[in-house]
Amino acid sequence: MFDESSITLRRIGAVLHQAGLVSRETVRDVLERLGGHVEEQLTGYGTACALEDFGVAVSVHADDIDSIHDGYPALLTNAVAVIGGGVTVSDVRVVEGGGALDAGRSDRLEFVRDGRLVSIPAEHFSEDCYDHVAACRAIAETARSEDSRSWHHTDFPRVPGAGYDSIMVFATPAQVAILQEHLGLTFH
């Protein structure tokens with residue numbers, strides 16, 4: 001049962017293990033690595049971000065990144081690592097459209113997944129910020145067709161005007177239901 005006041009890294013690890021998303025060893029290793037923070041109460045956003053610490057999620061950063069040209073390849077490499085490999089993603093590139101960035105440039109995010117070209121429309125307002133919709137769609141393309149798991153966008157209570165990373169979790173529908181019930185997150 002979900003109790004907002006009990007959400008700590010230790011609790012998240014227990015729920016992830018119960019859901020079959022991580023091993024006991026992974027929980028132990030993450031809690032050891034994060035040390036003194038394992039009993040701190042987390043917000044909904046903190047809970048969502050912690051899923052990346054446990055290796056079951058990928059975060060699309062809301063803040064500036066070094067470059068969209070370097071950021072998307074790293075993001076998709078992280079996504080493939082979360083799913084445990086089994087797909088090949090290469091030739092990740094941003095094909096720049098016409099127009100000025102400050103007005104919103106219509107680009108394309110392209111990459112090759114298992115020999116097939118994937119092309120996703122992307123709107124960029126800066127060379128150092130992701131298009132979150134395009135990034136999440138690209139992450140979703142890394143899922144293996146034979147896997148019962150898929151990518152789910154994580155949602156949580158938000159403060160108006162605050163910037164949040166987009167957190168994508170790789171799980172089965174049953175695992176998502178456990179996370180929703182015990183961690184108070186919602187998924188799309």
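User: What covers the buried residues of helix 2?

Analyst: In this predicted model, the cover includes helix 1 (9–18) and helix 3 (44–53). Contact here takes heavy atoms within 4.5 Å.

User: Which residues of helix 2 are called buried, and what makes them so?

Analyst: V27, V30, L31 and L34, within helix 2 (residues 24–34), are the buried ones. The label requires under 20% relative accessible area, so each of these four falls below that cut-off.

User: How do you know that the buried residues line one face of helix 2?

Analyst: Look down the axis of helix 2: its buried residues fall within an arc of 95°, so one face it is. As background, an α-helix has 3.6 residues a turn, so residues three or four places apart point the same way.

User: And what does the face turned away from the buried side carry?

Analyst: That face of helix 2 carries E32 and R33, both exposed. Exposed means over 50% relative accessible area, so E32 and R33 pass that mark. Just after the helix, G35 takes a positive phi of about 50°.

User: Why is strand 3 called largely enclosed?

Analyst: Seven of the nine residues of strand 3 (residues 105–113) are buried, so the rest of the structure largely encloses this strand.

User: What makes strand 3 and strand 4 a pair?

Analyst: Pairing needs at least two bridges, and strand 3 and strand 4 (residues 116–124) have nine, in the antiparallel sense, so they qualify. F111, for instance, has V118 in strand 4 as its bridge partner. Their hairpin has two residues between the strands, and D114 there takes a positive phi near 50°.

User: How many bridges join strand 2 and strand 3?

Analyst: Five, antiparallel again, with strand 2 spanning residues 89–95. V94 has L109 in strand 3 as its bridge partner.

Methods. Residues numbered from 1 in each chain as written. Predicted model: local features only at pLDDT ≥ 70, side-chain atom pairs only at ≥ 80, totals over all residues. Heavy atoms only, no water. Buried < 20%, exposed > 50% of the residue type's maximum accessible area, 1.4 Å probe, protein only. Arc of directions from axis to C-beta.
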